[in-house]
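Please open the structure in your viewer and keep the sequence beside it. We will go from stop to stop, selecting a few residues each time.

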Amino acid sequence: MREDEALEALRKMWERADPVPDGLVDSVIVAVASEDLDAELLSLRPVELADVRGESAQVLEFVSDSLTLVVRLGQEADGRRRVDGWAEGIREVALVHEEWSRTATVSPAGRFEFDRVPGGPVRLRLRSDDGAYLTPGFEV
């Protein structure tokens, strides 16, 4: 038996033995979507472009009444992007694209980074002890 045949037989066995409950997929979609409903939407505040060591970088600043987030968008040698961010008091951060999502470790000082990011529209979802925050979409 080939590997793809074995995997197909295994998939069918699990579908019979432990089928996905009706409505589970919709419930998960609603739960994930409602998670963002309590998130405070950050606003993009214009900042001047910064040149660091001769390298041009784009700096974005997102603000709300209770949080300021600074994001630096850099270019890596292979053409992919690098996203560095800082926000005091955050403990979780996710970089969210419509087809994928990545999380990063947040330092005690609120610094995080995502390397090797493919270009395209993304958002940042942040959590602190006080609540959740969501940036508007931006292009990396």
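A nonpolar core is a set of buried Ala, Val, Leu, Ile, Met, Phe, Trp, Tyr and Cys residues joined through side-chain atoms within 4.5 Å. Here buried means under 20% relative accessible area, exposed means over 50%, and partly exposed lies in between (1.4 Å probe, protein chains only).

You are looking at a predicted model, in which local features need pLDDT of at least 70 and side-chain atom pairs count only at pLDDT 80 or more, while totals for chains, interfaces and linings use all residues. Residues are numbered from 1 along each chain as its sequence is written, and side-chain values use heavy atoms, leaving out hydrogens and water.

**Stop 1: confidence.** The protein averages 86, and 87% of the residues score at least 70. Now select two strands (DSSP runs of E, at least two residues; helices are runs of H or I, at least four; both are numbered from the N terminus).

**Stop 2: the core.** Select L69, F112, F114, L124 and L126: these have the most contacts inside the largest nonpolar core, which has 23 residues. At least two residues of this core come from each of β4 (55-63), β5 (68-75), β7, β9 and β10. In soluble globular proteins, nonpolar side chains tend to be buried together.

Which residues does L69 touch, leaving aside its neighbours within four places in sequence? Its contacts (heavy atoms within 4.5 Å) include L42, L60, F62, W86, F112 and L124.

**Stop 3: charged pairs.** Next, look for salt bridges, where a side-chain nitrogen of Lys or Arg is within 4 Å of a carboxyl oxygen of Asp or Glu. The count comes to 14.

- Select R11 and E15, which form a salt bridge at 2.4 Å, N to O. They are 4 residues apart in helix α1 (residues 3-17), so about one helical turn separates them.
- Select R91 and D129, whose closest N and O atoms are 2.9 Å apart in a salt bridge. This pair links distant parts of the chain, 38 residues apart: R91 is in strand β7 (residues 90-96) and D129 in the loop between β10 (121-128) and β11 (132-134). R91 is partly exposed at 43%, whereas D129 is exposed at 68%.
- Finally, select R72, R82, D84, R111 and E113, which are linked in a network of salt bridges.

How values were computed: pLDDT is the predictor's confidence in each residue, from 0 to 100.
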